[in-house]
Amino acid sequence: MEGKSNGAKREEEHMGGKIAGPTNPMVTPILTDLYQFTMAYAYWKAGKHNERAVFDLYFRKNPFRGEYTVFAGLEECIRFIANFKFSEEEISFIQESLPPTCEAGFYDYLRGIDCSDVEVYAIPEGSVVFPKVPLMRVEGPVAVVQLLETPYVNLINYASLVATNAARHRFVAGKSKLLLEFGLRRAQGPDGGISASKYCYLGGFDATSNVAAGRLFGIPLRGTHSHAFVSSFMSPDEIVDKSLRRCDGSSVCEDFVSLVQTWLNKIKWSNLLSGIFGETNQSELAAFTSYALAFPGNFLALVDTYDVMRSGVPNFCAVALALNEMGYKAIGIRLDSGDLAYLSCEARKFFISVEKEFGVSGFGKTNITASNDLNEETLDALNKQGHEVDAYGIGTYLVTCYAQAALGCVFKLVEINNQPRIKLSEDVTKVSIPCKKRSFRLYGKEGYPLVDIMTGENEPPPKTGERILCRHPFNESKRAYVVPQRVEELLKCFWPGRPDKPREELLPLKDIRDRCIHQLEQMRPDHMRRLNPTPYKVSVSAKLYDFIHFLWLNEAPVGELQ
């Protein structure tokens with residue numbers, strides 16, 4: 001059943017020009033690791049705390065063995081930085097947590113921090129993104145930006161992971177299917193449940209069962225009833241108020257229960273359906289009838305409490321046909337167990353027979369929803385088997401990101417005092433790309449993105465129609481010339497520090513979702529497929545490539561053999 005959205009929109013909430021705080025009140029400046037404060041003190045003690053630093057937030061590998069990721073969580077990061085201020089209680093706790101040798105002046109310094117000297121450039125939320133390309137570039141006083149690291153990584157990591165998981169489920173299910181997020185009860189705590197509902201909707205799901213998320217973010221709500229509701233009834237005699245007013249209000253059926261029973265007998269002895277079932281479960285029929293009396297315009301029944309084809313589906317059809325006689329249209333059924341492909345096909349045949357037998361137009365297209373621990377693999381298997389499912393309710397595997405626990409975002413220093421910095425490793429995938437950079441997406445003749453390229457901040461940007469050499473950051477043999485048909489700069493200013501400087505607006509969640517869907521549709525199909533997808537190319541300019549390797553050689557110690 002559809003819940004009524006209050007029309008809530010998570011736009012920027014300007015109250016006297018102020019952006020509202022994070023959705024979760026636990027997201028405060030002390031939602032961080034202790035070492036951020038020990039480093040901040042050490043910076044302050046050394047007089048380095050105001051040195052201008054640039055950090056990149058990025059990830060190293062796409063999740064779920066795929067070749068794309070959906071960027072999510074940016075809005076919460078901007079809400080956090082816009083309201084970044086330590087309370088006296090927080091400062092007292094930090095003082096208790098650090099060694100007593102820390103000087104009192106440091107805590108006065110913390111009291112004055114407000115992020116007005118920090119700038120955040122980011123790829124717009126809902127964009128399709130790739131490894132090593134900065135999702136966010138954060139620049140400002142080194143101690144302040146260091147304090148943003150843990151909360152920013154926390155706010156981006158799960159949001160992007162679950163949005164990507166949702167997008168992958170949408171890709172397998174197809175555009176025409178209704179996807180319902182049912183994961184609240186299996187999510188990792190209340191915040192996991194709220195975040196999952198928000199970012200699954202962003203990633204392409206249509207609705208959620210999570211009422212709190214519906215209120216907070218304006219996400220459409222869906223829900224029916226459980227097996228407990230069905231099994232709580234013993235017989236139709238329990239139904240006290242049996243009357244139902246016609247949809248147009250013109251008359252009242254005083255005994256809707258008897259009308260349902262009449263239709264059940266008609267179905268049982270009809271030419272097309274005789275012999276398919278015998279006596280149905282009367283307690284189930286009572287539950288369906290009671291639910292229809294409560295929600296005549298939104299009747300959707302869970303039909304697998306006892307037996308789908310010998311009880312659940314016939315009972316549903318009897319109630320649906322009685323509702324039809326009163327001018328209402330039933331929504332459909334939900335299957336929560338058994339062979340979903342087979343049962344959906346059998347239910348569809350039953351509905352088509354009812355339409356033919358009784359001349360009820362459109363009854364054969366009655367909605368069939370499937371649930372029961374669904375995931376990417378099950379959806380793919382259903383597609384291969386053939387099925388008649390119209391909508392999927394997906395929970396555990398979706399919101400817990402069962403196939404991969406974390407995205408692995410990192411936050412690395414790339415420049416300080418205008419001096420590029422590099423982080424080296426024996427594992428080349430962990431070597432950072434130094435200096436303050438710009439990022440561009442280059443599009444080909446067919447409209448698909450071809451490659452993302454990073455350049456130094458002061459390099460001339462790629463131009464449409466002009467050939468540019470794109471190089472793999474670390475492999476000298478991987479290089480290609482590209483003549484882009486369109487060039488898109490990826491990083492936009494979302495937090496300029498001072499309120500008088502221009503910045504990108506924070507869009508409503510629905511608009512971010514639309515961007516996500518549009519960007520996924522723009523991707524080349526071989527990058528999107530589940531099995532053996534083609535890797536998307538991420539490159540650097542020739543000038544940046546040379547600089548990376550110059551700095552690498554300059555910073556790496558030279559060994560000595562004896």
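Modeller: The account below begins with the chain, turns to the sheet, and ends with two further elements.

The model is predicted, so to speak of local features a pLDDT of at least 70 is required, and side-chain atom pairs count only at pLDDT 80 or more, while totals for chains, interfaces and linings use all residues. Residues are numbered from 1 along each chain as its sequence is written, and side-chain values use heavy atoms, with hydrogens and water left out.

The chain has 17 helices and 24 strands; these are DSSP runs numbered from the N terminus, helices being H or I of at least four residues and strands E of at least two. Of its 562 residues, 54% are buried, that is, under 20% relative accessible area with a 1.4 Å probe, protein chains only. Among contacts between residues at least 6 apart in sequence, 74% join residues at least 24 apart, a contact being heavy atoms within 4.5 Å.

The open sheet consists of 6 strands in the order β21-β20-β24-β19-β18-β22, with mixed pairing; two strands pair if DSSP finds at least two bridges between them. Its edge strands, β21 (479-482) and β22 (486-489), each pair on one side only. On average, neighbouring strands of this sheet are turned by 35° against each other, direction ignored. Strand β18 (residues 437-443) runs antiparallel to β22, and 4 bridges join the two. L442 has V487 in β22 as its bridge partner.

Helix α17 (residues 542-555) packs on the sheet, where it touches β18, β19 (449-456), β20 (468-471) and β24 (537-541). The direction of α17 makes about 80° with that of β24; axes are lines fitted to C-alpha atoms, for helices over the stretch in contact, and angles run from 0 to 180 degrees between N-to-C directions.

Elsewhere, strand β16 (residues 409-416) is mostly covered, with 6 of its 8 residues buried. Strand β2 (residues 52-59) pairs with β16 in the antiparallel sense over 7 bridges, and D56 stands opposite K412 in β16. Strand β17 (residues 419-420) is also antiparallel to β16, joined by 2 bridges, with E415 opposite P420. β16 and β17 form a hairpin with 2 residues between them, and N417 in the turn has a positive phi of about 50°.

Helix α2 (residues 74-82) is likewise mostly covered, 8 of its 9 residues being buried. Among the elements that cover the buried residues of α2 are β4 (119-122), α5 (142-173) and β23 (492-495).

Definitions and conventions. Buried means under 20% relative accessible area, exposed over 50%, partly exposed in between (1.4 Å probe, protein chains only).
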